[in-house]
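Open the model in your viewer and keep the selection tool ready. The stops below each give something to select and then say what is there.

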Amino acid sequence: MGKHDDKTARAAHIKRHTVGTSNEISFSVLDAAKNALDGEKGGGEKKRAFPFGGIPLFTLARKKKAVSTPTKEQGLPLSTGDFVSVDSVEVPTGTPQPAAPAPATAARGLSGGAGTYASGKAMPHGADALGGVLGGNAVWPAPAEEVARRKTTRKRRRLLAYTLAFAVGAAVIGGAGWWLYQGHQEQQARIGELDQALARIEEADATIAPLNDALSELFDLPAGQVAQEELAAELSACEEGLPAASDALAQAAALAQGARDGMADSVEREAANQAVSAIEARSAMIESGGKVVADARAAASAAAQAQEGWDLLLQADTLAREAAQMVTETTDENVSASMEKTNQALALFQQADAAFSTAVDVYPAADFSPYRAYLAKRIEAMGFAAAANEAFLARDKEGVIAQNDAYNAADAEAASLAADLPDDPVGMVAAASSEAASEARNAYATACSQAAAADAFLRDYLGTTSK
């Protein structure tokens, strides 16, 4: 039996005999305290032997309490013989411990007052026990009510969070939708500007297209030829419409550039770029084509004047030869007839020189100096011939010889100039026009190629967007 007790003491880590230390508690001390307490409560109740572990000796608290010297338990004896220990009341951490209640208040709280349950069961330790000791002055929510309150609070918080998230999401979506709507409206406005630009291009094409056809016909003329009267009139009509076409293209350029700067879509933006290119190409066509037209119109007029002068020159030469042939036999009748033809030839030479002079004024690029030099000598020779005839009729022999020698010298010089005289003044004008307008013609051809490339893209774009 002694061995069993030793094993029990070692298992519980409690020595059988104390040596006076504060943390070494023997069974004898604890049993003596227990028996004393039972004697106070029961008034001579019989001691009972309990096996080890049958009676809870002490309760472990949440926090380790400092070991102190055992003192007499403080409490209140009741009329029923029970004893209420004040030391057993647990006070929540951080709450100041109230003074001990009056006996009547404590009795009321423990006998079904504000601190007890309706069933009369003993109140649990903690907050409700403290409320019972304090006579019901402290109000603590029941556990079920507290759980319900917390659940409601959490629900409200979640609902508030969901509402806030929904509101923020709706605001973001609304803002994004408005932004997209504004972007769509802006895009449509820019497309409208592009459509207006294309309409202005079409207005300009009402003049540019006939101009292109007329210039194509002009460029296809054989070398040495200029625009004839019908083609020249067509070119002049096109030239009159060029200022209006330029104004339409200026409006189209402003619209297309504004549309291009605001375009977000790549296809629409490229269409605007091509529209700008088409406008610029057409503007270049108007500028260079206008120069070609002006040159062609002037060349045609100069060529007409030169052709007229050449024809008059040939007629005058014929009359001059006939007049010289008549005086081979010097009679009064022949000299008089020769004198008449000589005056006619002189008038034609003068008219021919006037025509070439006009051609020079209209188209300075053409060199008509050879014709004018020849005509000057022929006019001089005709003057000497007429003076010789007059001297013959006046019987002025010396005068006849002097005027006849002067005529022969001038006529010889004219014949020398005639040897190098071009027989196609119109060809000379055409050659001069080709050289003078070569730069403008090349610029027009380049502009036509650029316009054709831009037009091809725009036709494809309009065909795509119209589907």
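Select Ser433 and show what surrounds it: apart from neighbours within four places in sequence, Ser433 is in contact with Asp295, Ala299, Tyr363 and Arg441, contact meaning heavy atoms within 4.5 Å. Ser433 belongs to helix H11 (residues 425-436); helices here are DSSP runs of H or I with at least four residues, and strands are runs of E with at least two, numbered from the N terminus. The relative accessible area of Ser433 is 5%, so Ser433 is buried. Buried means under 20% relative accessible area, exposed over 50%, and partly exposed in between, with a 1.4 Å probe and protein chains only.

A note on the model before going on: it is predicted, local features need pLDDT of at least 70, side-chain atom pairs count only at pLDDT 80 or more, and totals for chains, interfaces and linings use all residues. Residues are numbered from 1 along each chain as its sequence is written, and side-chain values use heavy atoms, with hydrogens and water left out.

Next, select Arg282 and Asp205. They form a salt bridge, with the closest N and O atoms 2.7 Å apart; the term requires a side-chain nitrogen of Lys or Arg within 4 Å of a carboxyl oxygen of Asp or Glu. Arg282 sits in helix H7 (residues 266-326) and Asp205 in helix H5 (residues 143-219), so the pair links distant parts of the chain, 77 residues apart. Arg282 is buried at 6% relative accessible area, while Asp205 is partly exposed at 24%. The structure holds eleven salt bridges.

Another is between Glu322 and Lys341, at 3.1 Å from N to O. Glu322 is in helix H7 and Lys341 in helix H8, so this pair ties together parts that are 19 residues apart in sequence. Glu322 is partly exposed, at 33%.

Now show helix H8 (residues 332-362) with helix H9 (residues 369-393). Their axes come within 9 Å and cross at roughly 160°; axes are lines fitted to C-alpha atoms over the stretch in contact, with angles from 0 to 180 degrees between N-to-C directions. H8 is therefore roughly antiparallel to H9, the term for angles over 145 degrees. The residues of this contact comprise 15 nonpolar, seven polar and five charged.

Finish with Asp332 and Arg395, whose salt bridge has its closest N and O atoms 3.3 Å apart. Arg395 is exposed, at 58% relative accessible area.

Methods: Angles under 35 degrees count as roughly parallel, over 145 as roughly antiparallel, 65 to 115 as roughly perpendicular and the rest as oblique. Ala, Val, Leu, Ile, Met, Phe, Trp, Tyr, Cys and Pro count as nonpolar, Asp, Glu, Lys and Arg as charged, and the others, Gly among them, as polar.
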